[in-house]
Amino acid sequence: MSSGPRVLVIDDEIQIRRFLRISLEANHYEVYEVGNGLEGISRAAQLRPDLIILDMGLPDIDGLEVLRRLREWTTTPTIILSVRDADEDKVAALDSGADDYLTKPFSLEELMARMRVAQRHAQPGPQPTVFTCGNVSIDLAHRQVTKNGEQVRLTPTEYALLRQLVQHAGRVLTHKQILKEVWGPEYMEETHYLRVYFAQLRQKLEDDPSLPGLILTEPGVGYRLATD
Amino acid sequence: MDNKRPDPDALLATIYKEEKRLRRGKLKLFFGMAAGVGKTYAMLEEARRIKADGVDLIVGYVETHGRRETKQLLEGLEIIPRLKVAYRSTILEEMDLDAVLARRPDVVLVDELAHTNAPGVRHAKRYQDVLDILEAGIDVYTTVNVQHFDSRADAVRQITGITIHETVPDTLLELADDIELIDLTPEELRKRLFEGKVYTAERIKVAADNFFRLGNLTALRMMALRLTAERVDHQLQDYMELKRIAGPWKSGERLLVAFGPSPFSERLIRWTRRMAYNLEAPWMAVFVETSTPLSEEAQAMLNRHFDLARSLGAEVMTIAGENVSDALLALARQRNITQIVIGKPLRKRWAEILSGTSHVDRLIRNSGDIDVYIVTGDEAQGTRSNVILPSLPKIDRHDGWQRYLLATGAIGLVTLIDFLIVPIAGYQLVGLTDLLAVLLIAVYIGRGPALLAAALSALSWNFLFIVPRFTLQIFLPQDFALLLLYFAIALFAGNLAARLRIREQQALFNAERNMALFTLTNETASAIDMDAVLNTAVVQVSRVFGAEVAILLPRPAGEGIEPHPSSSLQMDEKEKGVAGWVYEYGRVAGRNTDTLPNASARYYPLRTPSGIVGVIGIRRRSRERLPFDQESLLETFIGQIALAVEREMLDEAAAQATLLRESERLSAALLNSISHELRTPIASVRGASDSLLQPGPALSEDIRRQLARDILDASERLNRLVENLLDMSRLESGRLQLKREWCDVREIVGVAAHRLETCLSERLLTIDVQFDLPLVKLDFVLIEQVLVNLLDNACAYTQPGTHIQIKARKRDESCEITVSNDGPPIPVADLERVFDKFYRVPGLNITGTGLGLPISRGLVEAHGGTLVAENCAKDGVRFTIRLPMIGEPPPVREALS
């Protein structure tokens, strides 16, 4: 049991903590839990966990504030839990360095997927250069994109966008993060660029551009590249 | 009649007075016969005494006149710093009314009640400040001399020869809850004067020889003592009425004074007021409006008299009538007047000389049991040459002579024509032609010119045409009779014609006035809402009175009033302050009034029987006061507007109440709906968990999973319900803020479809989005929510295996998104009702909150769009969203690297 990755759960609701403990331990994680933000920060410093699950609504200090203080000294992958109608909070947390988010109520399946992705990205060492999802394959080293084995021609902008998603495959990227990386910091508000170029990308890559299975939209937040 | 029984009206009035006194602050007057008797000193002594008892007392304004004793008494009292007002080259000091009101003590000392404030402060007179303080529930101690009371000013002037300019209305005397007479014998006062206790050395001599003469002081002292004694009588009577002690009830006298634009009328009004006060009788002041127009000067004088009578507590009225005495008597009979006061005319109209009777004579002859007082004019004022008495015909100086010239010219012209007639028809006919001319002049030019024309034409006829011609001699006696008759007929007919003309003009004016009022009443009555009422009011008042108009209504939440957008008068903060004052105190203020006269407009309270509903501000292009008839028309207008505004306010309140009832009904429906919707999933969660917890033989893996699945489904249902409720409350509270961005409709459809994957996977879904549909500016998350609701709905009402189609097109300037299914049609009567909250199509057993469709419509409408339901031609139901496409999406650019 004690050999699994260590997860720190910072949430004030005892039922959520219990459910997370049971489910995560069943999936071979070592679970630690605290009920408020300040304790969460000090436990994180003591434990040096492999992953943190942070609730945004804490009784003592704001979850966003906890995240910022954590990010002052650690890059430990952190997944935030939030409620609907708080898109701005989610985006702020993601822009402040959270790795991913989940909206309550969420399924265990979703949580596990997010945790796997976050841990994978936290892994030191070179990331794989070839990404495959379904019938689409992207080779970053050779700047080649194929669908059903046939080469797809992308414009430089389309490719730059796709590369961003691939580099963070499975993780959500906010509009600002993508715009900043691809176009530059002065274009961070131009979300319509993303609407236009992602529509083009979907035309070229998706089986059914109206029901995308590869490039997923996270409403009000950003985009995510599906992993199998 | 049983005179011992108190009149119920009088009793009510007493109780009302008593109550009013309970709410407002108490007024204590320190009252004396002249300056120097020690009023301020007595006031300060009293102040120190009650302050020692712990009363919160401050000095609003006390003048020490450099007297040492007074200064000593002021020590230790809290003094409100004086307001410094720059006036011309000096700085004047006044009481800081606002500071006093803000400080809210129990008692304020305000010296010299009759003082006139510096221009620029709120009120023209200090007593108005005092009224405001009393209104605020603060007690006031003040000082005043007998000569300052309005009704005594005249007597004092007659006794001392000094005109008193600073006066206060007698109503203050009645308002006073307590009067302390500071009495001193005239000899003692003169002694104090010579000791330098009243004035500074240089003024002593002048004062002693004038105002402070022994005779004057004795008279003033008598006056002060009598006034106090009368006051005590009044108090006694108030008390007796209140406690229903049988007593010597007064006779029920009612006084009426007739006044006009003569300077002498002021004396008449004051005289009547004094008599009414002593008789304890109600009194009214009446102006009889005849067809004779008034000059501007006379108009102004008349207005002053109206104000004076009103401020002295008279019921003021204008009646119309050609015959002054008949009109007065008719009114007097109607109002049970027992005494009529009129002035003795200084000059007689020559019509009166002819008939040998004057208005006064007629009045006396026909007055029956009504007493008539004839008050003589004052020498000093009455003999001035430019006196205008109400019944004297008024001659308009400016264009009067032109009218006479015109009449003369017309007669000249007619005479020329006469020269043509004479050879054909003889000189007798000339008379008839001239008569026609005189009549025409009477009708079109006026009475005076007609009389002149009559005289001129008679002369010219005689001189030019009657034999012997070119002499004034007449040979034939019948010619002489003809000429005399001609002159008499011309005079009479001219007079008659002119009178007819005046009547006609009066009727025309009345008709115009009635028309204006009718239009106002009619239009405000048919106005559909408050905005329409106010627009009409502003337009009508602007049109009829040539003015800019502002209407201020109470703020919906909180205090004060604000200008309504329909106002045509622009107001700065100062003007709004004036309007605020009017709203608070319910009195007229602003230009041409005593309160805040520096304002650019005049502000009237919109008063209805139930209170003040707002304020109307009127700025006329001319700075002159309105003539009296216009002013009373304006007041009628304002009354109508007030009623209309009140009616709208009541309507709005009623609508609010309906809304409230409606929302109560809705929350009841909500509770019903959600309690059902909540219980079902809760029951399944509970049942499934119970089964899982059951001791005994372990459940099979399949059953365990099934139960867990049930719990999961129930939780999803609960989640959806909560989301719906949240959306609904966001929509209804108005907190919904759209985050509009340029969005790809295909993307939104994709996300919505993805969210409902489970149910859609069992159905045949087609998505058909116009290939080149431009980006639309909308709130992604909210429109996605709409599509989710519509798809969810489609799933709920159709069986697996059926079709669901989503289509998006640009149509006209809108983006049209349809969600259609081939499920059962909605009964036509319900197509619109499905968007009502909690409405369910009867006979269908489908779970749902009844909120999904109303929320969707709310969200679409928030985007300025529409959402409708219709049945498809064959089978199925189609929901159509139309969102306006405004503007072009901005261009996109390639990334640099």
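Predicted model: local features only at pLDDT ≥ 70, side-chain atom pairs only at ≥ 80, totals over all residues.
Residues are numbered from 1 along each chain as its sequence is written, with chains lettered from A and ligands numbered from 1 in the order in which they are written. Local features need pLDDT of at least 70, side-chain atom pairs count only at pLDDT 80 or more, and totals for chains, interfaces and linings use all residues, while side-chain values use heavy atoms, without hydrogens and water.

The contact (heavy atoms within 4.5 Å) takes 30 residues from chain B and 27 residues from chain A. Together the two chains bury about 2,500 Å², 53% of it on carbon and sulfur atoms. Buried area is the accessible area (1.4 Å probe) that two parts lose on being put together, summed over both. In chain B, Glu747(B), Val892(B) and Arg893(B) lose the most area to chain A, together 21% of what that side buries.

Three salt bridges cross this interface. A salt bridge is a side-chain nitrogen of Lys or Arg within 4 Å of a carboxyl oxygen of Asp or Glu. Glu747(B) and Arg195(A) meet in a salt bridge at 3.3 Å, N to O. On the chain B side, helix α25(B) gives the most, with six residues. Helices (H or I, at least four residues) and strands (E, at least two) are DSSP runs, numbered from the N terminus.

Across all chains, the structure holds 49 salt bridges. In chain A, Lys104(A) pairs with Asp55(A) at 3.1 Å, N to O. Lys104(A) lies in the loop between β5 (100-103) and α5 (108-122), and Asp55(A) in strand β3 (residues 51-55), so the pair ties together parts 49 residues apart in sequence. Lys104(A) is buried, at 18% relative accessible area. Asp55(A) is also buried, at 4%. Buried means under 20% relative accessible area, exposed over 50%, and partly exposed in between (1.4 Å probe, protein chains only).

Helix α25 of chain B holds Glu747(B) and helix α8 (residues 191-205) of chain A holds Arg195(A), so their pair joins two chains. Glu747(B) is buried at 4%, and Arg195(A) at 2%.

In chain B, Lys28(B) and Glu180(B) form a salt bridge at 3.2 Å, N to O. Lys28(B) is in strand β1 (residues 27-32) and Glu180(B) in strand β8 (residues 178-182), 152 residues apart. Lys28(B) is buried at 9%; Glu180(B) is partly exposed at 30%.

Ser814(B) is found in strand β23 (residues 814-821) of chain B. Ser814(B) is buried at 18%.
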